[in-house]
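User: Hi, I've got a predicted model open and I'd like to talk through its pockets. Can you help me out?

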Amino acid sequence: MRLLLIGAPGAGKGTQAEKLSARFNIAHISSGDLLREHVRDQTSLGQRIKSYVDAGDLVPDALVMDMLRKPVVAASEAGGYVLDGFPRTVDQAKAAFEVANRLGVEVQAAVHLYVPDRELIRRLLARSRGSDDTEDVIAHRLEVYQQMTMPLLEYYANREWMFSVDGTRTPDEVHEAIVSRLEKLAAFDTTEERDAASA
Ligand code: AP5
Ligand code: MG
């Protein structure tokens, strides 16, 4: 199973990706977590991207693509992935499609989690993950989402494998809503995936 999770900062992408990863025995790949690991470990990529992540700006597409290629291909071969936080722009989506199409590992479903801004801000301030969870940077991340990622939702809007889920309910309720929508998609038989996961 190959899934994308799209949503604003604080929408619950990480929370839902973990649940989907456990349920369907697929890899959870978070672009943000991987980027933060590079910053923490002060790798050469980490040094190039730190200022973007700290400011809440998007890291240049090519750097993100290069970082994700290997883990995504490996996960596809091992049974699938849930990609959390990528793609985030129309350009990333187009570039990723080209690579995936060549390898025969195109995405099978994209889930859009929607949560009103007020609740997003409340969640992020309550959590405070680090340098990008200050009030100013959160406001900027929300702006970047509107400008850069909302057009991606429009770009995907007519795809039958894209759907939106209300992300304001409890994490378990959101998870069940996602699974029930996935079960309605023709692209995969979730029962089979579960059987494979428990075999
Ligand atoms: P990234 O790490 O992706 O951060 P984000 O999009 O800002 O979102 P978060 O991780 O903060 O929130 P989330 O949606 O995962 O929610 P979570 O489950 O944690 O990106 C960080 C930075 O990396 C970017 O700014 C950019 O610089 C760079 N980057 C990443 N990807 C990139 C890309 N593709 N291209 C370019 N640059 C990129 O939940 C949030 C909080 O709410 C938690 O405390 C959680 O417990 C709580 N919560 C979750 N669900 C619920 C619920 N249902 N009810 C109540 N509380 C809930
Ligand atoms: Mg996250």
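User: What is the volume of the second largest pocket?

Analyst: Keep in mind that this is a predicted model, so the number is computed from its atoms. The second largest pocket comes out at about 400 Å³.

User: Which element gives the most to the lining of the second largest pocket?

Analyst: Let's start with the lining itself: it has 24 residues, and those closest to the pocket's centre include Tyr-81, Phe-86 and Phe-97. Four elements, α4, β3, α5 and α7, each supply at least two residues of that lining. With 7 residues, the top contributor is α5.

User: Which pocket is the space taken by ligand 1?

Analyst: Look at what surrounds the ligand: 32 residues, with Thr-15, Ser-31 and Asp-57 among the closest. Of the elements in that shell, α2 gives the most, with 4 residues. The space that ligand 1 takes is the largest pocket.

User: How much of the accessible area of ligand 1 does the protein cover?

Analyst: First, some backbone contacts: an oxygen atom of ligand 1 is 2.6 Å from a polar backbone atom of Asp-57. A backbone N or O atom of Val-59 lies 3.0 Å from a nitrogen atom of the ligand. Of the 1,000 Å² that ligand 1 has on its own, the protein covers 87%.

Conventions. Residues numbered from 1 in each chain as written. Chains lettered and ligands numbered in written order. Predicted model: local features only at pLDDT ≥ 70, side-chain atom pairs only at ≥ 80, totals over all residues. Heavy atoms only, no water. Near = heavy atom within 4 Å. Polar contact = N/O pair within 3.5 Å; in protein donor to acceptor, adjacent residues only side chain to side chain. Areas by Shrake-Rupley, 256 points an atom, 1.4 Å probe, with all protein chains shown as cover. 1 Å grid on protein atoms, 1.4 Å probe; cavity = no way out; pocket = protein on both sides within 12 Å on 5 of 7 lines; lining within 4 Å. Sits in = over half its atoms within 2 Å of the grid points. Points joined across faces, edges and corners; volume = space filled by probe spheres on them.
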